[in-house]
Amino acid sequence: MSFNLKSVDTVESISKEDFKKNYLDKRKPLIIKGLTKDWPAREKWSTEYFKQIAGDIEVKLVDNSKADPKKVINASIASMKFGEYLDLIKREPTQLRIFFFNLFKHRPELIDDVKVPKELMGGFIESMPAMFFGGSKAITFLHYDIDLPHLFHTHFGGRKHIILFDNKWKKRLYCLPNTTYALEDYDVANPDFEKFPALKGVEGYEVFLEHGDTLFMPTGMWHWMRYIDGSFSLTLRAWDQSVSRKIASVWSLFMHGAVDSAIKVVFRERYAIWREKLVFKIAEKELKKDLKKAG
């Protein structure tokens, strides 16, 4: 069984007015297949190309393991040369992935291969283009971005499976207190509604990205990702223009970053046990509230 998932609207191109009215303002995801049609990256970027220009860089790796309560989220488990890693993900299935990698810091010329879509909206954080690489068994746990940006997520070199949820489902997704990520004990692709009853009835979106496709994810949108093939993505981030969302971003960074990290350092496993118990109570309460509303 799965969540109640629907497809995401898909366009080849879109005007600024249509994008703002129907997707940005409504906080609704969108796939833009032709956004990268004039990007040099669309034809140029491949694992072989990156291996040639940056293969000697040492990269930190993460896998699908549940987060260690004593460490920051996405703490690395290993490292290797970038070129060796790229060979690995093309050669065989692996859980290993590279998280939030600023390859542009090492190879600034790569920025010329990308065209930031300023014709659709402003607020892009051009100093923070982030890249993500994964093998065909790699999964990105269910979460939303801590600083609440809008995301333009473009995939290269293969296929990627993505499941999205609006932020209103946060409590029923078993979001751990003081964090922006969900309890990692259920399979997002095949949830167990017996063990996690609050998940039943949750509505979301399902996406399959191919080479060159761009997914717009509005601020606060939950996302879970699985690499179908060894491949990679680029995320361009943009601030929401509203003052209230900027304030919410600062508060989220403080509460879900600084405060959560400090509590982890002090209480370690006790903190993890406490919040994993509490999350079930929160989810059950939210489910009862929603069922009551539905009549």
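## Close-up views of the predicted model

**View A. Leu148 sits in the loop between strand 8 (139-143) and strand 9 (150-156).** Helices (H or I, at least four residues) and strands (E, at least two) are DSSP runs, numbered from the N terminus. This is a predicted model, in which local features need pLDDT of at least 70 and side-chain atom pairs count only at pLDDT 80 or more, while totals for chains, interfaces and linings use all residues. Residues are numbered from 1 along each chain as its sequence is written, and side-chain values use heavy atoms, with hydrogens and water left out. The phi angle of Leu148 is near 60°, a positive value in a residue other than glycine. Most residues other than glycine have a negative phi. Leu148 is buried because its relative accessible area is 7%; buried means under 20% relative accessible area, exposed over 50%, and partly exposed in between (1.4 Å probe, protein chains only).

**View B. Strand 8 pairs with strand 13 in the antiparallel sense.** The two strands are joined over 3 bridges; strands pair if DSSP finds at least two bridges between them. Strand 8 is mostly covered, with 4 of its 5 residues buried. Which residue stands opposite His223 of strand 13? The residue is His143.

**View C. His223 belongs to strand 13 (residues 222-227).** Its relative accessibility is 3%, and therefore His223 counts as buried. A polar atom of the His223 side chain lies 3.0 Å from the backbone oxygen of Met221. Leaving aside residues up to four places away in sequence, the residues that His223 touches include Phe141, Leu142, His143, Tyr144 and Asp145. Ile163, Leu164 and Met217 are also among them. Contact means heavy atoms within 4.5 Å.

**View D. Asp240 lies in the loop between strand 14 (231-238) and helix 6 (243-294).** Is Asp240 buried or exposed? Asp240 counts as buried because its relative accessibility is 9%. The side chain of Asp240 makes a polar contact of 3.0 Å with the side chain of Arg27. A polar contact is a pair of N or O atoms within 3.5 Å; within protein, one must be able to donate a hydrogen and the other to accept it, and residues adjacent in sequence count only if both atoms are side-chain atoms. Not counting residues up to four places away in sequence, Asp240 touches Arg27, His150, Thr219, Arg245 and Lys246.

**View E. Phe19 and Phe216 form an edge-to-face aromatic pair.** A search of the whole structure finds 29 aromatic pairs. Rings of Phe, Tyr and Trp (its six-membered ring) pair if their centres lie within 6.5 Å; planes under 30 degrees apart count as stacked, over 60 as edge-to-face and the rest as tilted. For Phe19 and Phe216 the distance is 4.9 Å centre to centre, with 70° between the planes. The pair links distant parts of the chain, since Phe19 is in helix 1 (residues 16-24) and Phe216 is in strand 12 (residues 214-217), 197 residues apart. Both Phe19 and Phe216 are buried.

**View F. Phe50 and Phe232 are edge-to-face, because their planes stand at 70°.** Their ring centres are 5.2 Å apart. This pair also links distant parts of the chain: Phe50 is in helix 3 (residues 47-54) and Phe232 is in strand 14, 182 residues apart. Phe50 is buried, as is Phe232. Phe50 and Phe232 belong to one aromatic cluster, together with Trp45, Tyr49, Phe82, Phe101, Phe104, Phe133 and Phe156.

View G. Strand 6 meets strand 7 (residues 130-134) in the antiparallel sense over 3 bridges, and the bridge partner of Arg97 in strand 7 is Gly134.

**View H. Phe100 lies in strand 6.** The phi angle of Phe100 is near 45°, a positive value in a residue other than glycine. At 32% relative accessibility, Phe100 counts as partly exposed.
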